[in-house]
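Please keep the sequence and the structure in view while reading.

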Amino acid sequence: MTLNCIIIDDEPLAAELLASYAERTPFLNLVGHYNSAVNAIKTIRENQIDLIFLDIQMPELSGLEFASILPKTTRIVFTTAFSQYAINGYKVNALDYLLKPISYEDFLRAANKAHEWFMSQIKKEAWHNDRFIFVKSEYKLVRVNFDDILFIEGVKDYVKIFLDNGKQPIMSLMNMKKIEDTLPKPEFMRTHRSYVVHMTKIRLVDRLRIVFDEHYIPISDSYKEEVQEYLDNHTF
């Protein structure tokens with residue numbers, strides 16, 4: 001997979017150095033390099049840009065400000081001479097953070113991380129299109145159709161997949177984060193640290209609990225806002 005990338009840095013020498021790094025990297029297609037975020041807007045609007053190597057401290061529009069208005073499909077690797085920006089960088093979902101002066105080794109590490117991220121997204125999309133996954137259960141691989149899942153409960157190092165076809169729940173050695181990342185959103189949403197719910201299967205919500213027959217699934221404060229937004233969008 002080839003990633004379309006651009007470089008944005010208000011220091012011309014820094015921008016040219018990173019551009020030379022991108023041109024040396026086989027899976028990167030350098031669309032352009034710019035000395036301000038404003039100058040890059042037209043390119044981003046007219047092209048599918050996958051990855052931006054983005055300086056943080058720039059005039060007119062800072063890298064952090066610019067990152068907040070980018071399309072969700074565009075990923076960012078921040079570049080800066082000031083380490084104190086790292087935390088803010090990750091708040092806008094930056095894939096990586098490179099501290100100047102940047103070696104090609106550092107650049108390549110970040111580029112590889114981006115490539116791996118995009119490949120994982122392709123894999124997820126393939127899973128979502130297939131509408132099923134295989135999970136390991138009792139030394140067997142069991143096919144689980146997305147449409148059959150009611151909810152998933154995390155039990156220590158296992159997940160317990162409850163189905164709406166009347167069959168016994170499926171136990172699998174897997175953590176909740178992995179199963180949550182695998183299932184398509186917002187069709188499946190985390191409602192509690194121990195529960196992922198198939199939102200289209202919900203028939204009753206009672207006092208911040210999702211009810212599936214005798215099962216009452218809590219909605220914790222950590223996930224309340226996202227879940228409530230989903231419910232509000234489907235309430236008349």
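## A nonpolar surface patch

The model is predicted. On its surface, V155, Y158, M171 and L173 form a nonpolar patch, and their accessible area together is about 360 Å².

One of the patch members, Y158, lies in strand β9. Y158 is partly exposed because its relative accessible area is 40%, and this state covers values between under 20% for buried and over 50% for exposed.

Strand β9 spans residues 158–163 and pairs with β10 in the antiparallel sense, over 4 bridges. Within this pairing, Y158 has L173 of β10 as its bridge partner. Y158 and L173 are both members of the nonpolar patch as well.

## The five-stranded sheet

To which sheet do these strands belong, and in what order do its strands run? The sheet is open, has 5 strands in the order β10-β9-β8-β12-β11, and is paired in the antiparallel sense. The edges are held by β10 (170–173) and β11 (188–192); each has a single partner strand, so one side of each is left without a neighbour in the sheet. On average, neighbouring strands of this sheet are turned by 20° against each other, direction ignored.

Strands β13 (residues 209–212) and β14 (residues 215–218) pair in the antiparallel sense over 4 bridges.

Technical notes
Residues numbered from 1 in each chain as written. Predicted model: local features only at pLDDT ≥ 70, side-chain atom pairs only at ≥ 80, totals over all residues. Heavy atoms only, no water. Pairing = 2+ DSSP bridges. Helix = DSSP H or I, 4+ residues; strand = E, 2+ residues; numbered from the N terminus. Axes fitted to C-alpha atoms, helices over the stretch in contact; angles between N-to-C directions. Patch = residues over 30% accessible without salt bridge, like charges linked within 9 Å, V, L, I, M, F, W, Y side chains within 5 Å. Areas by Shrake-Rupley, 256 points an atom, 1.4 Å probe, with all protein chains shown as cover. Salt bridge = Lys/Arg side-chain N within 4 Å of Asp/Glu carboxyl O. Buried < 20%, exposed > 50% of the residue type's maximum accessible area, 1.4 Å probe, protein only.
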